Amino acid sequence: MAINRLAPPRLRLERIPAAAWAAAALGVLAAALAFTTSAVAAVLMLLAAAAAYWAMREGRRFVIASSDDDQIELVGLAELAPLLEALPDPALLVDSEGRIVGSNAAARRQMHFETRGQFLTSILRHPDVLEAVHAAVREGATRAVEYEMPAQVDRHTRCYVAPVTWGSDRAAMLVFHDQTAKISTERMRADFLANASHELRTPLASLTLLIETLSGPARDNAVDRDRFLEMMQMQADRMRRLIDDLLSLSRIELDEHVPPSDRADIAAVAREVADSVMPVLKERKVTLDVNAPAEPVRVVGERFQLAQVVQNLVDNAVKYTPEGGVVTLEVAASGDREEVSAQAGRRWEGAGRVALLTPAVAANRSYAYVRVEDSGPGVSKQFLPRLGERFFRVERELGNERGGTGLGLAIVKHIINRHRGGFLVESEPGRGSAFAAYVELAEEG
Ligand code: ADP
């Protein structure tokens, strides 16, 4: 960057001139002498002394002096740097040569640089930012530049560049505001709305078509009418399920960042869910084996949400298990993250396996798990990582829709995420699927 170097200005405190001291002292002395001859002369002399004192005070002010002045130096451009510490976002002060003369802790942490005096180009090469710095220093222009840095998660930054003038020197101040969370939330919201409206539009289109048929050709045929009404009922149920699941998911997401502090007995929760699915089991001719300890298995968690997890997993297992098949629901206390993953999610030799959610490593933490195993069709390996993605349905990928919402596993994943737990699946086409969720065991006592 070809920027002219200007002489750095310095701020110094002007000394009170000795002449001012002398004038004030002489004034007071003259007033004392004059008092013996004329009162008017004495008053005039006192006014002269006051004026001299005022001149002394006025003379004692900060002035900007040239850099070669050897007076007491108080502030230089770099000394403005501590002001940057008041900013929560990374901030840099760059001089007219493009050198970093000041930075705050956030900048040093995020941009990984140590020494002052480094050139801005050695840590940031985005042309728009460099151009904005140039414009700030040369023309005193203020700009905001948005740029994207490719990384594991793309980072979006808005950089504000403003000129800072100190004496005859000009620098640029850069403040980096991270927009990644905001942009990804906006994208997620847009995707979510597009998906949700698409999913709702399908049953709505079917309903519209059925209503047209019913009010036209099928109006006078009692058999057709009953058939169409039944189909309408199914589509209306599907819309209701979708709306219920969407509302449930958005409620969970609302407080996903606040881990639960309640305690719940996950064995009791599992037994309650097992009781509630009895009628469906009878209708589908599927057996449910519950394998849970009689004594409480207390975990850190919200009972209602944990029941939702077990319910969704059992509902799926029963739904995908053919007539005469068996579903197993198992609850147990296990060990740390590695132990619980092995015990709850690694049982079938040769099966496909994916950890859909893994908690951060935490010392002295033990977990309890729920494992739901079915004897359904299983899920082929390629689809396993996508389970838990909103609206993802294997059937749709394979072209044989079954009418699910594709939100059940997303709900499970978000609840477990809120509980800072883990979620695993192992599956083998032809053998079945097993989903396991684990959450932290509550301390004894
Ligand atoms: P839904 O079952 O309502 O479609 P889910 O989110 O519960 O939605 O499940 C997403 C997809 O995962 C299902 O559509 C299905 O393809 C697959 N899936 C879930 N559970 C099982 C299971 N136990 N066996 C086989 N496939 C399953």
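User: Hi! I'm new to this one. What share of the 445 residues in the protein chain is buried?
Analyst: Welcome! Buried residues account for 40% of the 445 residues in the protein chain. Keep in mind that this is a predicted model.

User: Thanks. And what about the surface, how much of the accessible surface belongs to carbon and sulfur atoms?
Analyst: Carbon and sulfur atoms hold 56% of it, out of an accessible surface of about 24800 Å² for the protein chain.

User: Let's switch to the fold. How many helices and strands are there?
Analyst: The protein chain has twelve helices and 16 strands.

User: Which strands form the open sheet of six, and in what order?
Analyst: The order is β10-β12-β14-β16-β15-β13, and the pairing is mixed. At the edges sit β10 (287-291) and β13 (352-357), each of which pairs on one side only. From one strand to the next, the twist averages 15 degrees.

User: What holds strands of a sheet together in general?
Analyst: Strands of a sheet pair through backbone hydrogen bonds, in either a parallel or an antiparallel way.

User: So do β12 and β14 run parallel or antiparallel?
Analyst: Antiparallel: six bridges join β12 (residues 326-333) to β14 (residues 367-373).

User: Which residue in β14 is the bridge partner of V331?
Analyst: That would be V370.

User: Nice. Which strands does helix α10 lie across?
Analyst: Helix α10 (residues 337-345) lies across β13, β14, β15 (422-428) and β16 (432-440), and runs at about 20 degrees to β14.

User: Last topic, contacts. Of those between residues at least 6 apart in sequence, what percentage joins residues at least 24 apart?
Analyst: For the protein chain, that figure is 67%.

Key:
Residues are numbered from 1 along each chain as its sequence is written. This is a predicted model: local features need pLDDT of at least 70, side-chain atom pairs count only at pLDDT 80 or more; totals for chains, interfaces and linings use all residues. Side-chain values use heavy atoms; hydrogens and water are left out. Helices (H or I, at least four residues) and strands (E, at least two) are DSSP runs, numbered from the N terminus. Buried means under 20% relative accessible area, exposed over 50%, partly exposed in between (1.4 Å probe, protein chains only). Contact means heavy atoms within 4.5 Å. Accessible areas come from the Shrake-Rupley method with a 1.4 Å probe; for residues, only the protein chains shown count as cover. Two strands pair if DSSP finds at least two bridges between them. Axes are lines fitted to C-alpha atoms, for helices over the stretch in contact, and angles run from 0 to 180 degrees between N-to-C directions.
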